[in-house]
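Subject: Structure handover

Hello,

Here is the structure I promised to pass on. Please open it alongside this note.

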Amino acid sequence: MLHSFRQSIPLPSKPRNIELGKYEFHKLSNGLDIIVVEDHKLPIVNIKLGLRNKPQLQVQLKGIESLTGAMLGRGTKYKSKLDYHRALEFYGTNVGFNKAGFSTNVLTQYTEEVFDLAVEALLHPAFDEEELTKEIAQLNAGLQQVAFDAESIAANICNKINYGDLHPYGEIVTTENIAHFNKAEIINYYEKYFIPNNAVLIFVGDISLAAAVNLAQSRLSSWEARPFHEVDYKIPFLPQSTNFNIASKPSAVQTVIHVTYPLELHPTDVDITKISLTNKILGGGVFAARLFQNLREKNAYTYGAYSSLHADQICAHFDARGSVKSETFELAINEIFHEMRNMQNEMVSKSEMDVIRNSMIGDFGRSLEHSGTLARFAFSILHYGLPEDYYSTYIERLMSVSENDIMEMANKYFMPERSNVVCVGDLNTIEKAIHSQFPNSKISLFGPFGERIEQ
Amino acid sequence: MSQETSTRTIKEWKIPHIEFDEYVLDNGLNVILHQNRYTPLVVVSVMYHVGSKNDPEQRKGFAHFFEHLLFEGSENIGRGEFAKIVEGSGGMLNANTSNDRTYYYEVMPAHHLATSLWLESERMLHARVDQIGIDTQRGVVKEERLQRYDNQPYGTVIEEIMKRVFINHPYHWTTIGSMEHLAAATAQDFVDFYKDYYVPNNAVLTISGDFEMKEAKELVDKYFASIPKGLNLHQKHSPSDLPLLGELRDTVYDNIQLPAVVIAYRMPGILDDDYQAVMLLSQYLAGGESSLFNQVLVDDTQLAVNAGAFSYPLEDLGVFICYGIAQIGVEPKELEQKMEELLSLTFQEIMPDYDFMKLKNTIIAQQVKQLSTLSGIAEELASSNTFYKNTNEINTSLDKILSITKEDILKASNKYLKTNNRVVLHFMPKPQ
């Protein structure tokens, strides 16, 4: 039987418009910003409080940010930790406390009860000494495990080598820092940053604008504003030349590799859309991307290889990575460089660019299935000062990117000659292969927390 | 705790009802259509009722390896084109393999529904894979195993449990399987497996999202109706297993820093009424900060840095797993003893009302979450049809769970949490 209709891609039907829903802003007199996205499809509300300050150097106290967040979930002035969580979990939910605030998903019928409990923790934390000791013991146990986790070791070295000691992103939590934590330091951090004029409160889901504002107003208008200041940091330098930074992971059966370097790329940068498309072609998480096709589908070096180049308000970075076959990890690194250079030297074809561009438009459409996406857009508009129509004109902007732009971006932002390469695995194998594949290149040895080891 | 109980009740809840249309094609393909027009997206999925339990004895890992191969192409789709077509249409695609089923799906802009149906029908009718594809994916699967299991702390825990909790049943190996077996796989293995299991009468097709009913049904007919029925479809293994006769204890040396204790009990599968009771039990034991495990093991005694309990959802038989990762300096023996005490509480005492209400609220919230995305709904529809042979299970499962009583949970815990029905493993740091 001949089925000619099987031989080619079916024609699409008429495309439907991707429509952005509505978000609303409100501000309390104490400076607390409120974002509300109504969505009544399901009987659930997501409530999130986020601090807006830029990351700051903590020097010996690195980790105090997360610790303070975690301590908010360890009891209030009125309830022990256990009583607090028993009360909260009765409603079938929990509140996740972190360095940036809290987040919870709550069934509509319990919105007030859960919000009250979240606010109780936010405004009246106990910061109990005994709970602090327990939290620190937990942190310590977590750090113990880093030495056996190749990906964590690699992430620590990337941060250390990209940003250095004088930048907040270059600071790494160690057992040594943790020894400096005490109640006074936590209260100090809490008082400095957990203030309404440094926060945004976001409601998404089955709640009306009026009800959300009312809830915030009645529970949080007594939260007192205080002046605070933040320090800006210099963008770290690019390395002079490509260099290798290696660490051992005991009994490794793969090598974790990163090709990475710091970059200045603010969320308001005019290049953003062009860069996103350029990175997506290289390795941005789709099957069709070049790193995935080359390292996985052609060479079977890895289960997956990806690259990212996200904007960031204090310092961005490029990162191409994979967990790769130990016997050929150096070839995988070579292929990453090869693909970066290839995009600098050869114009991408229209058809390849279209596949990736369409996949990005698809990403955008799919992301809108979650109303949380709109809240994220609203936050970026508020926080970074992006134009109001930034997201409604996104597809238009993406469509205007040309093949030329891609080559230009690759030349401006890809640095194959000035990269930090990080390799974590079996040290003997790694050293030998680097010496033979990349002779005369500089190799530095690191411990699991990014500490330099002199050879 | 008693005053908490008297002041609280469970408030009314509402869960959206999932509407769907379903029918079976002449070739046996189950078709489920769920219209949901909030966003211009459509999810197309095919669930094949084949998983690692159907791996041939000498080809452990084959079902999962096969899933990789089914992205290679077909008579009409060249190698590597499959993903490019989906992504070039603005869609995303993926697949996963469990012990019981293999699940393929695309999330597409609504106007590309036909493309997705065409691709899935090609995959079902005449998938094609050449030697290059086989060799490459074998290498990729090997790296997947190394990355996700062998190079991860505690990455092989499930494998170590399954191979002891099950004796004759193919659940005694896991989906990733054996690299030696995959190295020996031939093109003929591929042909046989495809002919046996990748047939319409062993599959459920779902379409969920923004589409016209009439158009969708016509497209399903166009692309799937002519696919021939499988003639050789039967489960080649027995769904039962020999009982565990007595406690099995073992020590496993792994690349970890902190020892771990695992206690795993043999259980019935998801179709058994007791399955849900045990699922609730696991939630009571380890769900949330105020659960028994977290409160006692992590908080009060600080014997563990992390502790949990869950029932592994399997079709034929099940396993209920409790674990704790020891705090620095704590001996596994000491941790195990405390876990034991907590477990024995659950078969001695009925749980307090307050905890039982908490459990119900938690289950309601989890159900809402599962139904919050089109992909979640699609998979739930497919699973309901595949395992329960009743698609409407998606709408009735919550009531079923909520009708379980505290007494049922106590009974189930007494029935299964027995010493002679379990495996106890201590994971210890390998001497460096």
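This is a predicted model: local features need pLDDT of at least 70, side-chain atom pairs count only at pLDDT 80 or more; totals for chains, interfaces and linings use all residues.

**Overall build.** Chain A has 16 helices and 13 strands. Its radius of gyration is 24 Å; a compact globule of 455 residues would come out near 23 Å, so the two agree. The C-alpha trace spans about 65 × 65 × 45 Å along its principal axes. Of the 455 residues in chain A, 47% are buried.

**The six-stranded sheet.** Look next at an open sheet of 6 strands in chain A. The order is β1-β2-β6-β3-β5-β4, with mixed pairing. β1 (24-27) and β4 (96-98) of chain A are the edge strands; each has a single partner, so one side of each has no neighbour in the sheet. From one strand to the next, the twist averages 15 degrees.

Within this sheet, β3 (residues 44-51) and β5 (residues 101-107) of chain A pair antiparallel over 7 bridges.

- α1 (residues 64-72) of chain A lies across β4 and β5 of chain A, at about 150 degrees to β4(A).
- α13 (residues 371-384) of chain A packs on the sheet and touches β1, β2 (33-38), β3 and β6 (199-205) of chain A. Its direction makes about 155 degrees with that of β6(A).

**Helix α15.** This helix covers residues 403-413 of chain A. Ile406(A), Met409(A), Ala410(A) and Tyr413(A) are buried there. They lie on the same side of α15(A), because they cover an arc of only 100 degrees around the axis. What do the buried residues of α15(A) pack against? Three helices are on the list: α9 (272-283), α11 (329-345) and α12 (350-367) of chain A. So are the strands β8 (254-263), β9 (302-310) and β10 (316-325) of chain A.

**Contacts with chain B.** Here 62 residues of chain A are in contact with 66 residues of chain B. On the chain A side, the elements giving two or more residues are α2 (81-89), α4 (129-146), α10 (290-298), β9, β10 and α12 of chain A. α12(A) gives the most, with 8 residues. By class, the chain A side has 29 nonpolar, 19 polar and 14 charged residues.

Best wishes

Definitions and conventions
Residues are numbered from 1 along each chain as its sequence is written. Chains are lettered from A and ligands numbered from 1 in the order in which they are written. Helices (H or I, at least four residues) and strands (E, at least two) are DSSP runs, numbered from the N terminus. The radius of gyration is taken over C-alpha atoms; the globule rule is 2.2 Å times the number of residues to the power 0.38. A residue is buried if 20 or more other C-beta atoms lie within 10 Å of its own, exposed if 12 or fewer, and partly exposed in between; C-beta atoms are placed from the backbone. The arc is that of the directions from the helix axis to the C-beta atoms. Two residues are in contact if their C-beta atoms, placed from the backbone, lie within 7 Å. Two strands pair if DSSP finds at least two bridges between them. Axes are lines fitted to C-alpha atoms, for helices over the stretch in contact, and angles run from 0 to 180 degrees between N-to-C directions. Ala, Val, Leu, Ile, Met, Phe, Trp, Tyr, Cys and Pro count as nonpolar, Asp, Glu, Lys and Arg as charged, and the others, Gly among them, as polar.
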